Amino acid sequence: MRPIEDFCCQNIECPDRGIRGRGNLKFAGWSGHKKALRMIRCRTCRGRFSERTGTALAGSQLPLDKTLAVLDHIREGCGTLSTARLVGVGKNTVTRYLRLAGAQGRKLHEELVAFSPSHPSGADG
Ligand SMILES: [Zn+2]
């Protein structure tokens, strides 16, 4: 289980949104089916969100192992139909997770690379 410090506030109006390691986040109970998801509270904006908010797993109805199997197969280069067949889900499910993971990958790239102070398009460039 990832430590709370690895997360960041997801509230678009929060000054600490997207900034990790600020010490502003705190465990705020359990949520989801079987109460398996942690809720996180931001001390800065008092917002509350699930540990899956802002990830490709947000709102996922599949069991976590199946969701990760879909993403693992895609990452290894399996096509949509073969992934659906191997994991035992519908092709539309594979397409949905592919789209979600792609959007999440773009956000992560922008956070880690595109807006880095050492990158030419960052704050200095
Ligand atoms: Zn916040």
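**Cores.** I looked up the largest nonpolar core first: its 8 residues are Ile4, Phe7, Cys9, Cys14, Leu25, Ile40, Cys42 and Phe49. My rule for a nonpolar core was buried Ala, Val, Leu, Ile, Met, Phe, Trp, Tyr and Cys residues joined through side-chain atoms within 4.5 Å. Buried is under 20% relative accessible area, exposed is over 50%, and partly exposed is in between (1.4 Å probe, protein chains only). Another core lies apart from this one and has 7 residues, including Val70, Val87, Val89 and Val94.

**Ground rules.** This is a predicted model, so I kept in mind that local features need pLDDT of at least 70 and side-chain atom pairs count only at pLDDT 80 or more, while totals for chains, interfaces and linings use all residues. Numbering runs from 1 along each chain as its sequence is written, and side-chain values use heavy atoms, with hydrogens and water left out.

**Confidence.** I checked pLDDT, the predictor's confidence in each residue from 0 to 100. The chain averages 88, and 91% of the residues score at least 70.

**Cys14.** Which residues does Cys14 touch, leaving aside neighbours within four places in sequence? I found Cys9, Cys42, Thr44 and Cys45 in contact with Cys14, contact being heavy atoms within 4.5 Å.

**Phe7.** I noted that the charged end of Arg2 sits over the Phe7 ring, 4.6 Å from the ring's centre. To count, NZ of Lys or CZ of Arg must be within 6 Å of the ring centre and within 35 degrees of the ring normal.
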